[in-house]
Amino acid sequence: MALKTLGAKAAAALDQELMSSSAFSLDQLMELAGLSVSQAIFRLQPPQKGRRILVACGPGNNGGDGLVAARHLFYYGYQPTIFYPKRGKNELYQRLAKQLEDLNIPFVDDFQTAAESTDHIVDAIFGFSFSGEVREPFPAVIRALEQTKLPVTSVDAPSSWDIESGPPKAGLGSAFMPTALVSLTAPKPLVKHFHGRHFVGGRFVSPAIAEKYKFEVPKYEGVDQVVEISAGNQRL
């Protein structure tokens, strides 16, 4: 099945509709998104291949998804570490961080040093609403992601990429190609530039909403919250 991509405006409108006519709360959607990410990580990085997971979180909803994923990974038996230098002020983000602190999951200030002692990196810095320049303190993180030999999984969008046009043509982020991508709800147009393992997560969209926004919901198997999509199996 060819999956239609969802642009930034449509993705934002869909999120609003899920929280209005579909009666989901932001908490619910973030929990489901983070659960999807954690299941993708479990497939990509089975515990026997290394349990140390560094989760880089931005200040918005993408970072919140990363915080949720880290909690689930802890309960799967992983050893997550959180880089969250610019904490969101929303009460939801504060509660998610508190849940991790209560599990004694470490929060670190030095991304580069933490990356030297991990097995897998989760990029949950910027999501589909990102545009413009990468601001401090994240340029050094993007450079480290460009240079690392470790597997990197990006949440919804590789950080620094434009949701429509993909990686920057030059400069910061132009050489960043994560190992895997977890598209939330539906793939975004940037996937035509992505070369790696691609998962879709979002097992909460009703058939009526999918029909309204003209995209296909992939077939989720059993209790899975993610589906792996073969390369090139999406269309504009």
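The axes are lines fitted to C-alpha atoms, for helices over the stretch in contact, and the angles run from 0 to 180 degrees between N-to-C directions. Helices (H or I, at least four residues) and strands (E, at least two) are DSSP runs, numbered from the N terminus.

This is a predicted model, in which local features need pLDDT of at least 70, side-chain atom pairs count only at pLDDT 80 or more, and totals for chains, interfaces and linings use all residues. Residues are numbered from 1 along each chain as its sequence is written, and side-chain values use heavy atoms, with hydrogens and water left out.

**Helix pairs**

Two packed helices are described by the angle between their axes and the distance between the axes. Here are two pairs.

| Pair | Angle | Axis distance |
|---|---|---|
| H2 and H3 (residues 61-76) | roughly 55 degrees | within 7 Å |
| H3 and H4 | about 25 degrees | 10 Å |

The angle makes H2 oblique to H3. H2 passes H3 in a right-handed crossing. In a right-handed crossing the near helix is turned clockwise from the far one by less than a right angle; anticlockwise is left-handed.

H3 and H4 are roughly parallel to each other. Their crossing is left-handed. Residues of H3 including Leu67 and Ala70 meet residues of H4 including Tyr93 and Leu96.

**Helix H1**

Some terms first. Buried means under 20% relative accessible area, exposed over 50%, and partly exposed in between (1.4 Å probe, protein chains only).

H1 covers residues 8-18, and its buried residues include Ala11, Leu14, Glu17 and Leu18. Seen down the axis of H1, the buried residues fall within an arc of 125 degrees, so they line one face of the helix. That arc is taken from the directions from the helix axis to the C-beta atoms. Lys9 and Gln16 are exposed, on the face of H1 turned away from the buried side. Helix H2 (26-44) and helix H7 (207-212) are among the elements that cover the buried residues of H1.

**Nonpolar cores**

A nonpolar core is a set of buried Ala, Val, Leu, Ile, Met, Phe, Trp, Tyr and Cys residues joined through side-chain atoms within 4.5 Å. In soluble globular proteins, nonpolar side chains tend to be buried together.

The largest nonpolar core has 38 residues, and Phe111, Ile125, Leu145 and Phe215 touch the most other members. H1, strand S2 (52-57), helix H5 (111-115), H6 and H7 each give two or more residues to this core. H6 gives the largest share, four residues. Beyond its neighbours within four places in sequence, Phe215 is in contact with residues including Leu6, Leu14, Val205 and Ala210.

Most residues other than glycine have a negative phi, and most peptide bonds are trans.

Glu136 and Pro137 are joined by a cis peptide bond, with omega about 10 degrees. Pro137 sits in the loop between strand S5 (120-124) and helix H6 (139-147).

Asn104 has a positive phi, near 60 degrees. Asn104 lies in the loop between helix H4 (91-102) and strand S4 (107-108). Is Asn104 buried or exposed? Asn104 is exposed, with a relative accessible area of 68%.

Asp156 also has a positive phi, of about 70 degrees. The loop between strand S6 (152-155) and strand S7 (180-184) holds Asp156. Asp156 is buried, with a relative accessible area of 4%.

Technical notes:
Contact means heavy atoms within 4.5 Å. Angles under 35 degrees count as roughly parallel, over 145 as roughly antiparallel, 65 to 115 as roughly perpendicular and the rest as oblique.
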